[in-house]
Amino acid sequence: MLYRNYSEYLQKKYKEKVYRIPINVPVSCPNRDGEVGYSGCTFCGESGAGFESLSNAISVEDQLEKNIEYIGKKYNSSKFIAYFQNYTNTYLPFDEFESMIMKSLRDDVVGISVSTRPDSVNDRHLEYLSRIQETYQKDISIELGLQTVNYRTLMKINRGHTLAEFIDAVNRIRKYDFEIVAHVILDLPYDDMDDVIETAKIISALGINSVKIHSLYIVKETEMARQYTDGEIKIGTVDDYVKRTATFLAYLSKDIVIQRLVGRAPEEDTLFCNYGMSWWKIKEEIEKYMEDNGLYQGIHCDYLNGKAVRKFL
Ligand code: SF4
């Protein structure tokens with residue numbers, strides 16, 4: 001096995017195929033409305049990350065109903081994860097957050113996944129989600145955008161937080177029986193291979209449960225689109241992305257589940273996406289590179305638990 005695959009993980013856990021149902025709610029982001037910043041992350045477009053979601057004008061219940069009807073029939077599945085995907089889903093007045101979660105509770109929803117920023121998770125959210133987990137027997141996962149552990153890069157892409165907030169959020173979430181998912185972009189223009197390796201090491205050291213790996217895409221009308229057009233940033237080659245991703249996996253703990261190897265975005269919304277290739281072709285190239293070079297997830301994860309004293313034990 002080259003890496004720990006998410007769909008196989010879900011199949012094993014729930015004894016059948018489980019699909020995530022994206023839900024788009026009318027939330028904003030503190031990095032856009034002025035709480036943390038006004039312009040957002042330099043790569044983030046107006047629609048956030050929710051290219052696959054229905055309109056946020058549709059109620060949570062109706063989005064779930066429509067998508068479950070469609071996906072359930074298409075894949076013959078009967079268990080789903082309600083996935084609050086877009087923007088910062090904890091950046092809401094608390095009663096609205098509670099109501100959003102309550103609306104997602106259905107018998108066929110086995111888990112709830114909440115995507116947010118590391119600086120937007122509070123103990124109160126976590127205590128509430130823990131009560132939901134206990135009362136309704138739903139698995140809870142929290143998805144945190146990290147992108148890179150290089151805090152200078154985080155400043156350059158205007159994340160509005162650095163590594164410290166991510167570590168704080170992980171330490172808080174860890175107190176509960178929740179899964180933690182980290183999002184990373186492995187080909188950020190300011191990062192090199194050392195940053196990629198350090199990102200894998202820190203994610204492993206923190207005991208994150210799953211990782212979603214993205215390639216960088218340049219969304220139209222973003223600050224990064226301007227930088228790209230003006231030649232201020234350069235994007236590497238697909239070979240570089242393949243090598244970075246394979247190396248990232250090699251340094252990552254074998255216990256971490258890989259939810260995605262390549263990002264996806266509609267062509268019409270982007271100036272650059274996946275090196276002009278389909279995501280599955282890049283995925284195949286990553287797998288081939290790993291096979292050709294004798295790599296698999298965790299092969300270089302030998303740095304935890306007091307490596308230097310191992311010879312004495
Ligand atoms: S934190 Fe997320 S939603 Fe907010 S600006 Fe950055 S990428 Fe966009």
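**Entry: Tyr 87**

I began with Tyr 87, which is buried, with 27 other C-beta atoms within 10 Å. The cut-off for buried is 20 or more, so Tyr 87 qualifies. I note here that this is a predicted model. I then asked where Tyr 87 sits. Tyr 87 lies in the loop between S2 and helix H3 (94–103). Its phi is positive, about 55°, although Tyr 87 is not a glycine. I wrote down the general rule beside that: most residues other than glycine have a negative phi.

**Entry: Asn 76**

Next I looked up Asn 76. Phi of Asn 76 is also positive, near 55°, and the residue is not glycine. Asn 76 belongs to the loop between helix H2 (60–75) and strand S2 (79–84). The positive phi comes just after H2. Is Asn 76 buried or exposed? I count Asn 76 as exposed, because it has 9 C-beta neighbours inside 10 Å. The limit for exposed is 12 or fewer.

**Entry: helix H2**

I went back along the chain to H2 itself. How far apart are the end C-alpha atoms of H2? They are 22 Å apart. H2 has 16 residues, and at 1.5 Å a residue they should span 22 Å, so the two values agree.

Then I checked which residues of H2 are buried. They are Gln 63, Leu 64, Asn 67 and Ile 68. I recalled that an α-helix has 3.6 residues a turn, so residues three or four places apart point the same way. I also looked for what covers the buried residues of H2, and the cover includes strand S1 (18–23) and S2.

**Entry: strand pairs**

I took the pairs one at a time. S2 and strand S3 (residues 109–116) run parallel and are joined by 5 bridges. Opposite Tyr 83 I found Ser 113 in S3.

Strand S4 (residues 139–147) pairs with S5 in the parallel sense over 6 bridges. Ile 142 stands opposite Ile 180 in S5.

Strand S5 (residues 179–185) pairs in the parallel sense with S6, over 5 bridges. I looked up two partners in S6. Ala 182 is bridged to Val 211, and Val 184 is bridged to Ile 213.

How many residues of S5 are buried? I found 5 of its 7, so I call S5 mostly covered by the cut-off. In strand S6 (residues 210–214), 5 of 5 residues are buried. Both faces of S6 are covered. Ser 210, Lys 212 and His 214 are on one side. Val 211 and Ile 213 are on the other.

**Entry: the ligand**

I turned to the ligand. There are 11 residues around the ligand. Which of them come nearest? They are Cys 29, Asn 31, Gly 40, Cys 41 and Cys 44. I sorted the shell by type: 4 residues are nonpolar, 5 polar and 2 charged.

Glu 96 is in helix H3. Glu 96 is exposed, with 12 other C-beta atoms within 10 Å.

Last, I looked for Ile 299, which is in the segment after helix H10 (279–292). Ile 299 has 15 other C-beta atoms within 10 Å and is partly exposed. I also noted how Ile 299 stands to Asn 76. From C-alpha to C-alpha they are 36 Å apart in space, and they are 223 residues apart in sequence.

Definitions and conventions
Residues are numbered from 1 along each chain as its sequence is written. This is a predicted model: local features need pLDDT of at least 70, side-chain atom pairs count only at pLDDT 80 or more; totals for chains, interfaces and linings use all residues. A residue is near a molecule or strand if its C-beta atom, placed from the backbone, lies within 6 Å of it. Ala, Val, Leu, Ile, Met, Phe, Trp, Tyr, Cys and Pro count as nonpolar, Asp, Glu, Lys and Arg as charged, and the others, Gly among them, as polar. Helices (H or I, at least four residues) and strands (E, at least two) are DSSP runs, numbered from the N terminus. The expected span of a helix is 1.5 Å times one less than its number of residues. Two residues are in contact if their C-beta atoms, placed from the backbone, lie within 7 Å. Two strands pair if DSSP finds at least two bridges between them.
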